[in-house]
Amino acid sequence: MGFLDSYRKRKKVFKDAVQVFRHPFYIETRRLSLEENKKEPSRTEIINFFVETVSAEHYLEIGVRNPDDNFNKINCAKKYSVDPGLEFAENPATFKVTSDQFFKELAAGALSLPSSIKFDVIFIDGLHTADQTEKDIQNSINYLTEEGVILLHDCNPPTEFHQRECHGFKHSPAQNYWNGTTWKAFYKFRHQPSLYSACFDTDWGVGILSKRKFPAFNRLEQLENSYFEFDILNKNRSQHLNLLDFNLWKNKL
Ligand SMILES: C[S@@+](CC[C@H](N)C(=O)[O-])C[C@H]1O[C@@H](n2cnc3c(N)ncnc32)[C@H](O)[C@@H]1O
């Protein structure tokens, strides 16, 4: 290939790349990522609110990464964390295993915790796939006090790109931001007759499931999104997730 051909080819690649970044999908997705980052309060503040509200004695966090980001800021007397250490080499988690392994060993009485233990607040923030989150929710329900709450991070993805299945692909308009498909498991459990739920519209969606009824928490009677399509969620986001503004909700309590 001659110099001129090579130059023309590079110019076209550059032009195509510029077009991608100027595409409305890219622009809107980036805008929504920035907007989400500005929302308050943080997951930590919400978790601490519930720790205080239910007078929690035992707190469990599934997926902790660097504990300085959240775990170390939780004001509970007895705290436990579970993480196989995929994203933070030091991995100071209490139990350095996957959540599946943790619950298996807990049930078998193979841990330093009694298998009869119940947690008052459980924060699920491990592997963000619908399938794994469903298992984490189900296992957590079995170890939750009657008054306790389960919180889940990343339940309100702003766009389809944020909820892509593959974490590793960074060239989508959501770039490094990733909520995974956690919302699908949360949405599914919003139909469970024994649970009440809501999702606080902050910090990428802090979902809450509880056995007890808090004001404005509800459940869904009918599965209106049986294929868990993002577009259907998007059109009915408020109702499907029971999206609430945390500060307004708290002030009305
Ligand atoms: C998003 S980070 C957790 C962030 C932390 N909870 C916070 O609020 O800052 C996800 C963590 O989940 C862990 N993880 C991945 N797969 C897991 C699994 N199967 N069980 C438990 N944790 C898992 C990863 O190692 C990673 O540290």
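Domain 1 and domain 2 bury about 970 Å² between them, and 56% of that area lies on carbon and sulfur atoms. On the domain 1 side, Tyr-26, Thr-29 and Glu-36 supply 52% of the area buried against domain 2, more than any other three residues. Keep in mind as you read that this is a predicted model.

**The two domains and their interface**

Where do the domain bounds fall? The assignment places domain 1 at residues 1-38 and domain 2 at residues 41-252. Taken over C-alpha atoms, the centres of the two domains are 35 Å apart. The contact set consists of nine residues from domain 1 and 15 residues from domain 2.

If you are curious about the polar side of this interface, four residue pairs are in polar contact between domain 1 and domain 2, with both partners at pLDDT 80 or more. Salt bridges across the interface, in contrast, number zero by the rule applied. Helix H2, covering residues 24-38, gives the most to the side of domain 1 that touches domain 2, with eight residues. By residue class, that side of domain 1 divides into four nonpolar, three polar and two charged residues.

**A salt bridge within helix H2**

For the model as a whole, the salt-bridge count comes to twelve. One of them pairs Glu-35 with Arg-31, whose closest N and O atoms are 2.8 Å apart. Why do these two sit about one helical turn from each other? Glu-35 and Arg-31 are separated by about one helical turn because they are four residues apart in helix H2. In general, side chains of opposite charge can pair when their charged atoms come close.

**Around the ligand**

Now to the ligand, which is surrounded by 17 residues. The closest are Arg-43, Gly-63, Asp-83, Ser-99 and Asp-125.

| Residue | Atom on the residue | Ligand atom | Distance |
|---|---|---|---|
| Arg-43 | side-chain N or O | oxygen | 2.8 Å |
| Leu-86 | polar backbone atom | oxygen | 3.1 Å |
| Asp-125 | side-chain N or O | nitrogen | 2.7 Å |

**Two backbone details**

Most residues other than glycine have a negative phi, and most peptide bonds are trans. Two places in this model depart from that pattern. Glu-40 and Pro-41 are joined by a cis peptide bond, with omega about 0°. Pro-41 lies in the loop between H2 and helix H3, the latter spanning residues 43-53. Arg-65, although not a glycine, has a positive phi of about 50°.

Notes: Residues are numbered from 1 along each chain as its sequence is written. This is a predicted model: local features need pLDDT of at least 70, side-chain atom pairs count only at pLDDT 80 or more; totals for chains, interfaces and linings use all residues. Side-chain values use heavy atoms; hydrogens and water are left out. Domain bounds come from an automatic or database domain assignment. Contact means heavy atoms within 4.5 Å. Buried area is the accessible area (1.4 Å probe) that two parts lose on being put together, summed over both. A salt bridge is a side-chain nitrogen of Lys or Arg within 4 Å of a carboxyl oxygen of Asp or Glu. A polar contact is a pair of N or O atoms within 3.5 Å; within protein, one must be able to donate a hydrogen and the other to accept it, and residues adjacent in sequence count only if both atoms are side-chain atoms. Ala, Val, Leu, Ile, Met, Phe, Trp, Tyr, Cys and Pro count as nonpolar, Asp, Glu, Lys and Arg as charged, and the others, Gly among them, as polar. A residue is near a molecule or strand if one of its heavy atoms lies within 4 Å of it.
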